[in-house]
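This report describes the fold, the packing and selected side-chain contacts of one protein model. The sequence and structure are shown first.

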Amino acid sequence: MDSPIRGFAVLPAFNEGATIRRVAERTLTRMQNVIVVDDGSSDDTSAQLADLPVQVIRHEENQGKAASLWDGVQAALRQGAKFVVTLDGDGQHAPEDIQGLIDAYRARPDNIIIGARLQNREAAPAARRFANDFADFWISWAAGSRIRDSQSGFRLYPAKLLDRINVAHDKAHGFVFESEILIEAARVGFGCNFVPIQTRYPKQARKSYFRPVADSAAIVLMVGRKLLLQWMNLPGLYRVLSSRG
């Protein structure tokens, strides 16, 4: 159930009526405080949650995943969260894995904890695997250390990190936000730790909103700007290359 340390789960949801109720129910068995951000859904996403003890934040218009995460996280911080777990509403992440992230956080409270899809990776489409590996290299370079599964939305963020950074979260930064926050975390002295989880692509889930080419390009452009500001961070590149394998 919920950790004695006050934690919140935040689930961004856009047209997740087919899956959101079951994901929310399973999350409630692991955490008492659950926030769902309905990002302007045109289906019954909010209605599916009507009788569950979750907080629902409703965007009247779709604002993108970054804005959904930001609004949910800020709501959690206002209520005294010490950490925030984020997971997708499409069933790709198993709420039963949340405790593993919390355990890793207790051991390393100055780290973002990533539920890294390292098990059964062949379950992911080949284009997604390539895009994720490509993004991992660039983000690791800018962060100065190797990051596994930088595109996983299943994470635990310490509140003391979230209080120190402000990452662009408008619609244009929908899938850039989760990459940039890893780099900004490294800039203020927070690292990343990884908990291996199963790769899951449920048959009933809708098609991913991640665009392998366009969104990967946006991430690379963001990382490129960061590297230029860091004079290309050659020590970080060396650490990443020496740790690959």
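The side chains of Arg117 and Gln92 are joined by a polar contact of 2.6 Å; such a contact is a pair of N or O atoms within 3.5 Å, where within protein one must be able to donate a hydrogen and the other to accept it, and residues adjacent in sequence count only if both atoms are side-chain atoms. The model is predicted, so that local features need pLDDT of at least 70 and side-chain atom pairs count only at pLDDT 80 or more, while totals for chains, interfaces and linings use all residues. Residues are numbered from 1 along each chain as its sequence is written, and side-chain values use heavy atoms, with hydrogens and water left out.

Arg117 lies in strand 5; strands (E, at least two residues) and helices (H or I, at least four) are DSSP runs numbered from the N terminus. Arg117 counts as buried because its relative accessibility is 7%, where buried means under 20% relative accessible area, exposed over 50% and partly exposed in between (1.4 Å probe, protein chains only). Between the C-alpha atoms of Arg117 and Met31, which are 86 residues apart along the chain, the separation is 22 Å.

Seven strands form an open sheet in the order 3-2-1-4-6-5-7, and the pairing is mixed; two strands pair if DSSP finds at least two bridges between them. Strand 3 (55-59) and strand 7 (191-198) are the edge strands, each pairing on one side only. On average, neighbouring strands of this sheet are turned by 20 degrees against each other, direction ignored. Strand 1 and strand 2 run parallel and are joined by five bridges, and Leu11 has Val36 in strand 2 as its bridge partner. Strand 5 (residues 111-119) pairs with strand 6 (residues 155-158) in the antiparallel sense over two bridges, and Ile113 stands opposite Leu156 in strand 6.

Strand 2 is mostly covered, as six of its six residues are buried.

Helix 3 (residues 98-107) lies across strand 4 (83-86), strand 5, strand 6 and strand 7, and runs at about 35 degrees to strand 6. Helix 6 (residues 177-187) also packs on the sheet, where it touches strand 5, strand 6 and strand 7, and its direction makes about 40 degrees with that of strand 6. Axes are lines fitted to C-alpha atoms, for helices over the stretch in contact, and angles run from 0 to 180 degrees between N-to-C directions. Contact means heavy atoms within 4.5 Å.

Glu184 lies in helix 6 and counts as buried because its relative accessibility is 12%. The side chains of Glu184 and Lys226 make a polar contact of 2.8 Å. With neighbours within four places in sequence left aside, Glu184 is in contact with Ile165, Val167 and Lys226.

**Nonpolar cores**

The largest nonpolar core has 42 residues, and those with the most contacts inside it are Ile112, Ile139, Leu161, Ile181, Leu182 and Val223. Such a core is a set of buried Ala, Val, Leu, Ile, Met, Phe, Trp, Tyr and Cys residues joined through side-chain atoms within 4.5 Å. Among the elements that each supply at least two residues of this core are strand 1 (7-13), strand 2 (34-39), helix 5 (159-162) and helix 7 (212-229). Helix 2 gives the most to this core, with seven residues. Apart from this core lies another of 26 residues, among them Ala13, Ala24, Ile98 and Leu156.

**Aromatic pairs**

Six aromatic pairs are counted; rings of Phe, Tyr and Trp (its six-membered ring) pair if their centres lie within 6.5 Å, and planes under 30 degrees apart count as stacked, over 60 as edge-to-face and the rest as tilted. Two of the pairs are tabulated.

| Pair | Centre to centre | Angle between planes | Class |
|---|---|---|---|
| Phe83 and Tyr105 | 5.3 Å | 50 degrees | tilted |
| Phe137 and Trp141 | 6.0 Å | 55 degrees | tilted |

Phe83 in strand 4 and Tyr105 in helix 3 are 22 residues apart, and their pair links distant parts of the chain. Phe83 is buried at 0% relative accessibility, and Tyr105 is buried at 9%. Phe137 and Trp141 both lie in helix 4 (residues 126-143), four residues apart, about one turn of the helix. Phe137 is partly exposed at 24%, whereas Trp141 is buried at 10%. Phe134, Phe137, Trp138 and Trp141 form one aromatic cluster.
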